[in-house]
Amino acid sequence: MNTQIKKITPESLEMAKNLLLEGQVVAFPTETVYGLGAYAYSQEGIARIYEAKGRPSDNPLIVHIAPNFDLLQIAREVPEGAKALMERFWPGPMTLIMPKNRETIADTVTGGLDTVAIRMPSDPSAMALLSYTGMPIVAPSANTSGRPSPTSAMHVYEDMQGKIPLILDGGSCQVGVESTIVDLTDEKPLVLRPGGITLEMLREVIPEIDLDPAVKQVRSVDASVVPKAPGMKYRHYAPKGYLILTQETPEEVARDLEEDLQTISGDKLGVIATDEFWQEMLKAAPQLEGQVAMISLGSRRDDMETVAKRLFGALRQADELTLSRFYGEAFSREGVGEAVMNRFRKASSEWRER
Ligand code: TXA
Ligand code: MG
């Protein structure tokens, strides 16, 4: 199959609509990551998503809707508390779990669950597609299962080339990590997956909301604590190399690398960190320059939003550079740091705490 990449135009939107109606999948940008979209009422389209991604079929999909879409077409009821969150954070990077409308939403969408995940994205390209088609669109992140989520059309192309007919190109994603998933269907309101809408922001609306205990763990030490979002149990992304996520200082990481250089031969070494971290490492050990690959998460001065935006691209780059052993700079879990650390630790092989 020939995979076309097209900017959003009236023609490409019409092409996307026809493909979706035919049960094909179309990749499109959102403010979080690129999605692999199918018409939510097309069994053929849904099956194609799982096939293109190589995704386990018990991992349910998120239904994306336009602002004027009638929620009750897909949800059987809107839970208490959801209205206030929707008013504040929709359209935007927040997904809400609701009891599903069993007449319209198939078990193949929800992995057999009686609930459905719904999201109204704010990205102008996503909105254009959803409004133009008027369709509810199911979409997981548009990566091959086991790869980092795509934050540019090129990332999607790397994974989906030859597997899907169309990628709508809306540039790079503003948030860079997947949406915050909030579950209000139980007595205790829970964040099932941290994302661009932070716990702090949610608590301004629902003070008692908390993180799913399984998400709270920095490492999954206790296997009996099972996450409520089926997808959160997967390791997600296993880089080819060995990633050590560390709270050590730049000086300590520099020392680790010097040791690696002496003791391990033939390894490609690297660091995924902010520019400031790298500068401090070089101050401590200038000889590392040229021997260790530096993948930048931006400047710490630009804050965590930049780090979030760059993280998945940085992880892809580590594989491209065929790094076999590399260190990641750990961040505070405040604000969007929670989402960053959640993804970063899932990608890592080792966690070093101070
Ligand atoms: O930002 C996003 O949410 C992106 C863009 C494309 O919108 N999508 C995305 O989809 O991240 P995906 O399929 O990669 O992740 C969906 C997550 C999975 O962890 C899944 O288990 C969870 O949502 N999920 C879906 N339906 C659920 C439900 N009914 N109950 C609990 N978790 C659910
Ligand atoms: Mg995903």
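This is a predicted model: local features need pLDDT of at least 70, side-chain atom pairs count only at pLDDT 80 or more; totals for chains, interfaces and linings use all residues.

A: Start with helix α9, residues 250-263, and helix α10, residues 275-284. Their axes come within 8 Å and cross at roughly 60 degrees. The crossing of α9 past α10 is right-handed. Which residues make the contact? From α9 come P250, E251, V253, A254 and L257. From α10 come F277, E280, M281 and A284. Sort them by class, and the contact of α9 with α10 has seven nonpolar residues, two charged ones and no polar ones.

Now turn to strand β12, residues 242-246. Four of its five residues are buried, so β12 is largely enclosed by the rest of the structure. Two strands pair with β12. One is β15, residues 325-329, which runs parallel to β12 over five bridges. Here Y242 stands opposite R325 of β15. The other is β16, residues 350-352, also paired in the parallel sense, over three bridges. In that pairing T246 stands opposite R352 of β16.

Next comes an open sheet. It has 11 strands with mixed pairing, in the order β1-β8-β2-β3-β7-β4-β6-β5-β9-β10-β11. The edges are β1 (4-7) and β11 (210-211). Each has a single partner strand, so one side of each is left without a neighbour in the sheet. Helix α3, residues 82-89, packs on this sheet. It touches β5 (94-99) and β9 (180-183), and its direction makes about 155 degrees with that of β5.

Look inside the sheet at one pair. Strand β2, residues 26-28, and strand β3, residues 35-39, are antiparallel and share three bridges. V26 has G37 of β3 as its bridge partner.

Finish with one residue of β3, namely Y39. Set aside the neighbours within four places in sequence, and Y39 is in contact with L20, I46, M135, P136 and V138.

Terms used:
Residues are numbered from 1 along each chain as its sequence is written. Chains are lettered from A and ligands numbered from 1 in the order in which they are written. Side-chain values use heavy atoms; hydrogens and water are left out. Axes are lines fitted to C-alpha atoms, for helices over the stretch in contact, and angles run from 0 to 180 degrees between N-to-C directions. A crossing is left-handed if the near helix is turned anticlockwise from the far one by less than a right angle, and right-handed if clockwise. Contact means heavy atoms within 4.5 Å. Ala, Val, Leu, Ile, Met, Phe, Trp, Tyr, Cys and Pro count as nonpolar, Asp, Glu, Lys and Arg as charged, and the others, Gly among them, as polar. Two strands pair if DSSP finds at least two bridges between them. Buried means under 20% relative accessible area, exposed over 50%, partly exposed in between (1.4 Å probe, protein chains only).
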